[in-house]
Amino acid sequence: MWGTQELFPTGRWMPVVSVSICRYSNPSAPRQKHMQSQADGGNPLTARPDGQVVLMTPSEVAKVRMQTQRNPHPSVTSSQPLSKPKYRGSLHCLKVIAKEEGFGGLYKGCSALLCRDCSSSAIYFLTYSSLCDWLTPAGKNKPGFLVVLLSGGSAGVLAWGLATPLDVLKSRMQVDESGQHKYKGLIHCARESVRQEGLKVLFKGLGLNCIRAFPVNMVVFVTYEAVLRFTDHFANKK
């Protein structure tokens, strides 16, 4: 489901930023402690993923609706006037959803989004930290550039491999407009999707997610390491 995904990994930017902030506030603490704390939910800025879901879900719903909306193109063989698209923009989309489906319509799929981000964020940071420790030669306390690239890309691929089934369910729940009510909840959506299309439906877009995740997360963690080293250098000058 390439069309319903973001280029930047959703739910990951806040954890990465918060780890950098905590690292800066205590530069003498070992890297592993910060990464382990994040994976365990011990970071005060990211220990409550439900807070992120509250902020993210309405924009996710609008994004999925906008991307799955079909806009007719003019045809030289037909003289019939074109129908106007239901959603004319992101804000208009949110307004229409709230009007037609109520406030709850803006939070469709929030259970799937919460489960997706909790599970994938944990494996994301643990994988990166573990690979960095394993690939960094003995005697060095910081991973090299190539180690960061490989560890970050691999962490992103593994995280999206775990997140894809829940992301598929999230998108299906969010595209369920008023009047349809095809899915009653996360479990019902999973059961009906698998019953109608087989278990493979949960892994639609997995290949594209992984292809995208590797280079994107290489950049994310190279930037993360650069920020850490800059803050360490700045803190040591004080």
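Residues are numbered from 1 along each chain as its sequence is written, and side-chain values use heavy atoms, with hydrogens and water left out. As the model is predicted, local features need pLDDT of at least 70 and side-chain atom pairs count only at pLDDT 80 or more, while totals for chains, interfaces and linings use all residues.

**Confidence**

- The protein chain has a mean pLDDT of 79, where pLDDT is the predictor's confidence in each residue, from 0 to 100.
- A pLDDT of 70 or more is reached by 73% of the residues of the chain.
- Over residues 1-15, pLDDT stays under 50, and the model has 48 contacts beyond four places in sequence for this stretch; a contact means heavy atoms within 4.5 Å.
- Residues 41-47 also have pLDDT under 50, with 15 contacts beyond four places in sequence.

**Helix α7**

- Helix α7 is made up of twelve residues, 186-197; helices (H or I, at least four residues) and strands (E, at least two) are DSSP runs, numbered from the N terminus.
- From its first C-alpha to its last, α7 reaches 16 Å, close to the 16 Å expected at 1.5 Å a residue; the expected span is 1.5 Å times one less than the number of residues.
- Leu 186, His 188, Cys 189, Glu 192 and Ser 193 of α7 are buried (buried means under 20% relative accessible area, exposed over 50%, partly exposed in between, with a 1.4 Å probe and protein chains only).
- An α-helix has 3.6 residues a turn, so residues three or four places apart point the same way.
- Ile 187 and Arg 195 are exposed on the other side of α7.
- The cover over the buried residues of α7 includes α5 and α6.

**Thr 136**

- Thr 136 sits in the loop between α5 (110-135) and α6 (145-174).
- Its relative accessibility is 14%, so Thr 136 counts as buried.
- A polar atom of the Thr 136 side chain lies 2.5 Å from the backbone oxygen of Cys 132.
- Apart from neighbours within four places in sequence, Thr 136 contacts Lys 142, Pro 143 and Val 147.

**Cysteines**

- The structure has zero disulfides, a disulfide being a pair of cysteine sulfur atoms within 2.5 Å.
- Cys 93 counts as buried because its relative accessibility is 0%.
- Cys 189 is buried too, with a relative accessible area of 0%.

Technical notes. A polar contact is a pair of N or O atoms within 3.5 Å; within protein, one must be able to donate a hydrogen and the other to accept it, and residues adjacent in sequence count only if both atoms are side-chain atoms.
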